[in-house]
Amino acid sequence: MHDWFAPIDTPTERKLILKLDGLIIVFVFLAYWAKVLHSSATSTAYMTRCPVNYFLPAADLIWGVLTLAQYKASNVTRLYALRFFVGTLGGFFFSAVEWYLGS
């Protein structure tokens, strides 16, 4: 088992370590979000046939309908087909969240 603090750390040092860890975590989260936002914006910059403000909500709506339709699958082949499309459309969810947060 790993201890977070050394046994000789004072309460002041432990407080400083927690503050530094918190700042580092927040910085890494924001830097990663900005990096992924940048890379997804670059990859979708040339999408002109279907605007993203129509495509992402439609993908989320179809994803929800197909997710609910899985309970009616009468055989395993139909379930696999539905799961394929649910997985494909579910992949757009992360991009949609980033688009919503960035708007």
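Me: What should I know about the model before I start?
Reply: It is predicted, so local features need pLDDT of at least 70 and side-chain atom pairs count only at pLDDT 80 or more, while totals for chains, interfaces and linings use all residues. Residues are numbered from 1 along each chain as its sequence is written, and side-chain values use heavy atoms, with hydrogens and water left out.

Me: How many helices and strands does the chain have?
Reply: Helices (H or I, at least four residues) and strands (E, at least two) are DSSP runs, numbered from the N terminus. Here there are four helices and zero strands, giving the pattern α-α-α-α along the sequence.

Me: How much of the chain is buried?
Reply: Buried means under 20% relative accessible area, exposed over 50%, and partly exposed in between, using a 1.4 Å probe and protein chains only. Of the 103 residues in this chain, 12% are buried.

Me: Which residues make up the largest nonpolar core?
Reply: In soluble globular proteins, nonpolar side chains tend to be buried together. A nonpolar core is a set of buried Ala, Val, Leu, Ile, Met, Phe, Trp, Tyr and Cys residues joined through side-chain atoms within 4.5 Å. In this structure the largest one has five residues: A59, L66, L82, V86 and L89. Two or more residues come from each of α2 (52-69) and α3 (76-90), and α3 gives the most, with three.

Me: Which residues does V86 touch?
Reply: Contact means heavy atoms within 4.5 Å. Leaving aside residues up to four places away in sequence, V86 touches W63, L66, T67 and Q70. Q70 sits in the loop between α2 and α3.

Me: Is Q70 buried or exposed?
Reply: Q70 counts as buried because its relative accessibility is 17%.

Me: What aromatic pair does the structure hold?
Reply: Rings of Phe, Tyr and Trp (its six-membered ring) pair if their centres lie within 6.5 Å; planes under 30 degrees apart count as stacked, over 60 as edge-to-face and the rest as tilted. The whole structure has one such pair. F84 and F85 form it edge-to-face, 5.2 Å centre to centre with 75 degrees between the planes. F84 is exposed because its relative accessible area is 54%, whereas F85, at 45%, is partly exposed.
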